[in-house]
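Have the picture open as you go.

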Amino acid sequence: MREFAVFWGCTIQARFPFIEKSTRLVLESFGLPYRDIDGFTCCPEKSLVNNVDRGAFVLTAARNVALVDELGLDLVSPCTGCVSNLATVKGELNSDPREKAEVNGLLREAGREFKGTSKLQHLVPFFHDTVGIHRIKQKIKRDFSGMRIALHYGCHMIRPSHALKNDDPLNPVKFDNIIRGLGAESLQFMTKLMCCGQGLDRVDAHDRALDFARVKLKELKAIGADALVLCCPSCFLQFDNNQFLMVKEGEKLGVPIIYFTELLGLALGYDAAELGMTSHRIDCSPFIAKWEALAGRPSPSAGIEAGLTGPSALG
């Protein structure tokens with residue numbers, strides 16, 4: 001496996017250090033060859049920077065990709081938005097030699113060169129395609145059999161699909177495959193691919209952002225999901241923080257929100273506090289309590305085994 005740099009982005013280290021911690025614990029548990037490198041900046045954020053200054057958006061993203069190009073590393077990020085933005089610019093520059101030359105003319109003044117040769121991946125397709133579900137199954141200490149999990153891919157995990165080439169944008173399966181590999185049921189539901197709506201908070205439309213969160217959380221409550229598992233810090237902000245704001249207004253939906261590496265960390269044997277899950281706004285203890293209760297339940301095959309080998313066994 002090729003060595004890779006982790007691109008943390010702005011949101012995780014500034015607002016959700018527990019996501020960084022769980023990601024580091026999981027990467028180290030698998031013995032994966034990751035590095036932290038100096039010089040990364042904001043990816044930059046697409047909906048704000050790209051709309052204000054297209055040139056600054058392209059140049060900043062190209063500079064970040066140039067850092068891993070120069071070191072001969074691939075890039076893996078726990079942020080879907082960061083990967084989407086970087087992959088978008090990488091694809092555009094690699095298909096437009098004139099723009100690539102213009103960008104490199106500017107980067108040269110800072111001693112950089114964009115080549116666009118490094119592979120850029122989010123953690124979920126990285127674990128699905130590079131680590132592999134078979135290795136995940138071999139590594140985990142306890143699975144999630146009996147747990148009913150709702151997944152949220154988020155828009156930037158699968159779009160723009162021509163740049164990311166992560167999964168089928170209309171019927172993504174890789175996140176589901178990992179969850180099933182961890183032993184849980186991956187629920188199918190109407191709002192599964194619906195945008196989280198967090199971007200509305202950035203344009204002063206907070207009530208509309210809450211509406212988006214409410215639609216999905218109500219459906220998950222109705223179908224009995226044990227948790228919403230997601231893979232994007234902005235989506236986490238939307239469903240954890242904004243659900244907490246709903247609670248303060250008396251609307252208690254009670255859907256635990258879990259980031260991908262937190263779920264994987266639990267399966268690897270870390271406890272919830274060690275993973276930082278006690279720092280969430282929405283209490284995850286109902287999810288943990290059900291999982292613990294299932295662990296103490298006899299397996300469905302236990303009765304059959306006792307009947308065949310116990311004192312009253314036939315013969």
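1. Let's start with strand S5 (residues 148-152): it runs parallel to S7, and four bridges join the two. Two strands count as paired here if DSSP finds at least two bridges between them. Within this pair, leucine 151 sits opposite valine 229 of S7. Helices (H or I, at least four residues) and strands (E, at least two) are DSSP runs, numbered from the N terminus.

2. A quick word on the source: this is a predicted model, where local features need pLDDT of at least 70, side-chain atom pairs count only at pLDDT 80 or more, and totals for chains, interfaces and linings use all residues. Residues are numbered from 1 along each chain as its sequence is written, and side-chain values use heavy atoms, leaving out hydrogens and water.

3. S7 also pairs with strand S8 (residues 257-259), in parallel and through three bridges. Leucine 230 has tyrosine 259 in S8 as its bridge partner. Together with helix H13 (residues 233-248), S7 and S8 form a right-handed β-α-β unit (with the strands pointing away from the viewer, the path from the first strand over the helix to the second runs clockwise).

4. Is S7 (residues 227-230) covered on one face or both? Both: Ala227 and Val229 are buried on one side, Leu228 and Leu230 on the other. Buried means under 20% relative accessible area (1.4 Å probe, protein chains only), with exposed over 50% and partly exposed in between.

5. Now look at strand S3 (residues 74-77), where both faces are covered: Asp74 and Val76 are buried on one side, Leu75 and Ser77 on the other. S3 pairs in the parallel sense with strand S1 (residues 4-6) over three bridges, and with strand S4 (residues 120-122) over three bridges. Valine 76 stands opposite valine 6 and also opposite glutamine 121 in S4.
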